[in-house]
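Visitor: I would like to go through the labels on this model and hear what stands behind each one. Can you show it to me?

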Amino acid sequence: MKVRFAPSPTGALHIGGARTALYNWLVARGSGGSLVLRIEDTDRERSTPENVAQIIDALEWLGLDWDEGPISQAERGERHRAEIARLVDEGHAYEDEGAVRLRVPGEGATVVDDVIRGEVRFAHAAIDDFVIARSDGSPLYNLAVAVDDRDMDITHVVRGEDHLSNTPRQLMVLKALGAEPPTYAHLPLLHGPDGKKLSKRHGAASVGELRAAGYLPEAVRNYLALLGWGADATTTFFTTEDLIERFSLERVSRNPAVFDEQKLRWMNGRYLRELEPGELARRLAQLHGDRPGLVEAAGAAQEKLQTLADFWPLAGFLVERPREIDQRAWQKVMGDGALDRLAEARAALAAVDPFEREEVETALRGVVDRLEVKPKDVFQPIRVAIAGTTVSPGIFESVAALGRDEVLARIDAALAQRP
RNA sequence: GGGGGCGUGGUCUAGUGGUUAGGACGCCGGCCUUUCAAGCCGGAGGUCACGGGUUCGAUCCCCGUCGCCCCUACCA
């Protein structure tokens, strides 16, 4: 099998495009075939090199590679013009006010045999003679796609359903060219929560935004694969190898899907928890830069993260001293003898050796027992003192991750605020 | 307007001419518990778009209606 992913560089790579790329990639890798990356940039007005670079960057981040390309469709203009001239010479097309139109028969129909949708019939009577070349001679989409798919020996065209209605036109170009058509598979479109076409208004809609929001490429692959496809009734998690092995176009669903970021967040959290702390720290560093103590902080925060971006608000205090203590947090836990308990905890922590999670826990629970108070009466003041808020990773791992000197310094600073 | 596609709980989906219509996210409750999560347990939520028809029996087959989306560009 030979497939192609053919984005138009008129914007960033969207989730829908990413899924199309993924499905093409899975088909190619699963069949031992190849994938062509073709940039459909015949619209010189809207296509930009920046967008091409961004699309390539997004594909690389997603871990999707290709065997040929990127091929610029615009650079194949001579090839397209030659075929347009041939179509005119052979009477399949004609000039009309400078532009060139393909002759569409007045009767009969063109049938698209789609892997996902079955046979779809388009009566010629409903299709006008369409333009294949502008009056300046430059080729248009339907012509360029047909010529390129033929020239590149594409066997399967896997693309969004928005192209289904264009398919009979491409089939007619192919026929006029005397070429065998490829097999088609039109994927259901992706919509936003309001049922409308996905756009910026729907949150993280491009691959770049997903990346910046702290999603892992492997989680995005898994989630995207499930948007319009399922292997069976119950399997939700697929390694990429599973996907390559089990994916099939025949099982792609026909109805449009809504991108649900909440489900992606959940799935991403599951993938995040599977990572070794060192690996998690490496991913965090890629996104926000490396810091001393990042591995310890990552380990402490890991079980509470859904995205890499969640790390900072939750556990940023582990790698960077908070500028100030949240007033509401202070008022909530620092009343009623809390500072005395905090002082007790400080004394206990000063004596902990080695300063590891287990020893920290033993010492702090000892304080709780000695004072005959509830655990939170001791733990929350510590939390507020070191984190500046009432929410943080587990207190023992947080204290251990911070190290004795820093913990004592922050507690001392808090104690100094005593009225 | 014309042509085309789609229609299973809020969302992603499995499924079959006869099952209590299955799973997941989300939601609610409980357990756990140092906060928040995670995890575990339990629960609510579906007239399978609607109306006809075929059939002993339709979510599944046929027809119609409605809704949503796509194409109908010298965009892709």
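Guide: Start with P70, which lies in strand β3 of this predicted model. A cis peptide bond joins G69 and P70.

Visitor: What is omega for the bond between G69 and P70?

Guide: Omega is about 5° there. P354 is found in a loop, the one between α14 (338-350) and α15 (357-371).

Visitor: What makes the phi of E97 worth a remark?

Guide: Phi of E97 is near 55°, a positive value, and E97 is not a glycine. E97 lies in the loop between β4 (93-96) and β5 (99-102).

Visitor: Why is E97 called exposed?

Guide: Exposed takes a relative accessible area over 50%. E97 has 79%, so E97 is exposed.

Visitor: Where is D336, and what is its phi?

Guide: D336 is in the loop between α13 (327-333) and α14. Its phi is positive, about 55°, although D336 is not a glycine. Relative accessibility is 78% for D336, so D336 counts as exposed.

Visitor: On to helix α2. How do you know what span to expect for α2?

Guide: The expected span is 1.5 Å times one less than the number of residues. Helix α2 covers residues 49-62, which is 14 residues. The expected value is 20 Å, and α2 reaches 20 Å from its first C-alpha to its last.

Visitor: Which residues of α2 are buried?

Guide: They are N51, I55, I56, A58, L59, W61 and L62. Buried means under 20% relative accessible area.

Visitor: What do the buried residues of α2 pack against?

Guide: Their partners are β1 (2-5), α1 (15-31), β2 (34-39), β3 (68-72), α6 (207-212) and α7 (217-225). Contact here means heavy atoms within 4.5 Å.

Visitor: What follows α2?

Guide: G63 does, and its phi is positive, near 85°.

Visitor: Now the rings. How many aromatic pairs does the structure hold?

Guide: The structure holds 8 aromatic pairs. One of them is formed by F311 and W312.

Visitor: Why is the pair of F311 and W312 called edge-to-face?

Guide: Ring centres must lie within 6.5 Å for a pair, and planes over 60 degrees apart count as edge-to-face. F311 and W312 are 5.7 Å apart centre to centre, with 90° between the planes. Both conditions hold, so the pair is edge-to-face.

Visitor: Are F311 and W312 buried or partly exposed?

Guide: F311 has a relative accessible area of 1%, so F311 is buried. W312 has 23%, so W312 is partly exposed.

Visitor: Which residues form one aromatic cluster?

Guide: Y23, W229, F238 and F247 do.

Visitor: How do you know that a charge sits over the ring of Y23?

Guide: The charge must be within 6 Å of the ring centre and within 35 degrees of the ring normal. The charged end of R19 sits over the ring of Y23, 5.3 Å from its centre. R169 lies over the face of F130, at 6.0 Å from the ring centre.

Methods: Residues are numbered from 1 along each chain as its sequence is written. Chains are lettered from A and ligands numbered from 1 in the order in which they are written. This is a predicted model: local features need pLDDT of at least 70, side-chain atom pairs count only at pLDDT 80 or more; totals for chains, interfaces and linings use all residues. Side-chain values use heavy atoms; hydrogens and water are left out. Helices (H or I, at least four residues) and strands (E, at least two) are DSSP runs, numbered from the N terminus. Buried means under 20% relative accessible area, exposed over 50%, partly exposed in between (1.4 Å probe, protein chains only). Rings of Phe, Tyr and Trp (its six-membered ring) pair if their centres lie within 6.5 Å; planes under 30 degrees apart count as stacked, over 60 as edge-to-face and the rest as tilted.
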